[in-house]
Amino acid sequence: TIQWTAMDMAGNSAICTYLVRVLDDDPPMVDECPGNIVDNTDPGECSSVVWFSVPTFNDNCGGQGVEGELTEGLAPGSAFPTGVTQVVYQYVDAANNIPAVCSFTVKVEDHENPKITCPSNIVVGTNGQISSGNAYIWATGACGIELAYTAPTATDNCSANVFLQGGQLERDRAGIGLVGEQQVHHRGHLQIRQVTASVGDG
């Protein structure tokens with residue numbers, strides 16, 4: 001508030017009062033903003049604990065190097081899931097000017113191979129006697145058998161599927177051979193084990 005007073009020699013006076021308002025129309029600016037981050041999953045986990053510096057902003061009234069507010073994504077030190085996470089920080093000054101925004105991505109990739117537990121090889125005679133391996137006879141024929149065995153199991157830091165890659169029976173006069181190739185697949189990673197069943201006349 002500005003006030004002026006006018007006074008004459010006789011002591012008479014008049015007063016003038018008015019306001020001076022200073023407006024802050026300077027928007028804040030980004031000071032430090034991390035670049036895009038690429039990281040691998042932590043061992044045995046389907047995520048990665050990612051650290052980064054909190055973005056800072058400069059404002060003519062609010063100060064320099066002021067930390068912004070997280071509006072999207074996860075804070076530093078959080079477990080980021082596989083894939084891409086958008087992280088956004090912003091700073092709004094007291095005058096509600098256009099906010100300054102820092103945006104970057106955190107990409108977590110899974111490069112950890114799955115693990116598979118496979119049965120031991122199986123040996124069985126056409127007479128129905130299993131001499132090696134954990135299996136049992138499902139059905140028998142003139143010179144062949146149908147064999148059942150425990151399917152492999154698999155684990156993975158994210159998820160794993162086990163499916164039969166091969167394993168059809170091939171018959172000839174000397175005997176029957178079976179190769180069951182089990183495969184785990186997750187995000188393009190493969191882990192292959194083989195189960196061999198040998199059948200001979202006995």
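Biologist: Why is Cys102 called buried?
Modeller: Buried means under 20% relative accessible area, exposed means over 50%, and partly exposed is in between, using a 1.4 Å probe and protein chains only. Cys102 has a relative accessible area of 0%, so Cys102 is buried. Before we go on: this is a predicted model, where local features need pLDDT of at least 70, side-chain atom pairs count only at pLDDT 80 or more, and totals for chains, interfaces and linings use all residues. Residues are numbered from 1 along each chain as its sequence is written, and side-chain values use heavy atoms, leaving out hydrogens and water.

Biologist: What makes Cys33 and Cys102 a disulfide?
Modeller: A disulfide is a pair of cysteine sulfur atoms within 2.5 Å. The sulfur atoms of Cys33 and Cys102 are 2.0 Å apart, and the torsion about their S-S bond is about 80°, so the link is right-handed. Cys33 lies in the loop between β3 (29-32) and β4 while Cys102 is in strand β11, so the pair ties together parts that are 69 residues apart in sequence. Strands, by the way, are DSSP runs of E with at least two residues, and helices are runs of H or I with at least four, numbered from the N terminus.

Biologist: Why does Cys33 count as partly exposed?
Modeller: Its relative accessibility is 35%, so Cys33 counts as partly exposed.

Biologist: How many disulfides are there?
Modeller: The count comes to two. Cys46 and Cys158 form a disulfide with sulfur atoms 2.1 Å apart, and with 105° about the S-S bond this link is right-handed. Numbering the bonded cysteines in sequence order, the pairing is 1-3, 2-4.

Biologist: Why is Cys61 called exposed?
Modeller: Cys61 has a relative accessible area of 59%, so the label is exposed. Cys16, at 41%, counts as partly exposed.

Biologist: Why is the pair of Phe52 and Phe104 called edge-to-face?
Modeller: Rings of Phe, Tyr and Trp (its six-membered ring) pair if their centres lie within 6.5 Å; planes under 30 degrees apart are stacked, over 60 edge-to-face, and the rest tilted. For Phe52 and Phe104 the centres are 5.1 Å apart and the planes at 80°, so the pair is edge-to-face. Phe52 lies in the loop between β5 and β6 and Phe104 in strand β11, so the pair ties together parts that are 52 residues apart in sequence. Both Phe52 and Phe104 are buried.

Biologist: Which residues do ring pairs link into a cluster?
Modeller: Phe52, Phe80 and Phe104. The count of aromatic pairs comes to three. One of them, Phe52 with Phe80, is edge-to-face at 6.5 Å centre to centre and 65° between the planes.

Biologist: What makes β4 and β8 edge strands?
Modeller: Two strands pair if DSSP finds at least two bridges between them. There is an open sheet of four strands in the order β4-β11-β10-β8, with mixed pairing. The strands β4 (37-40) and β8 (69-72) each pair on one side only, which puts them at the edges. Four bridges join β4 to β11 (residues 100-109), and these two run parallel.

Biologist: Where is pLDDT below 50?
Modeller: pLDDT is the predictor's confidence in each residue, from 0 to 100. The protein averages 81, and 77% of the residues score at least 70. Over residues 168-186 the pLDDT is below 50, and it stays under 50 over residues 188-194 as well.

How values were computed:
Contact means heavy atoms within 4.5 Å.
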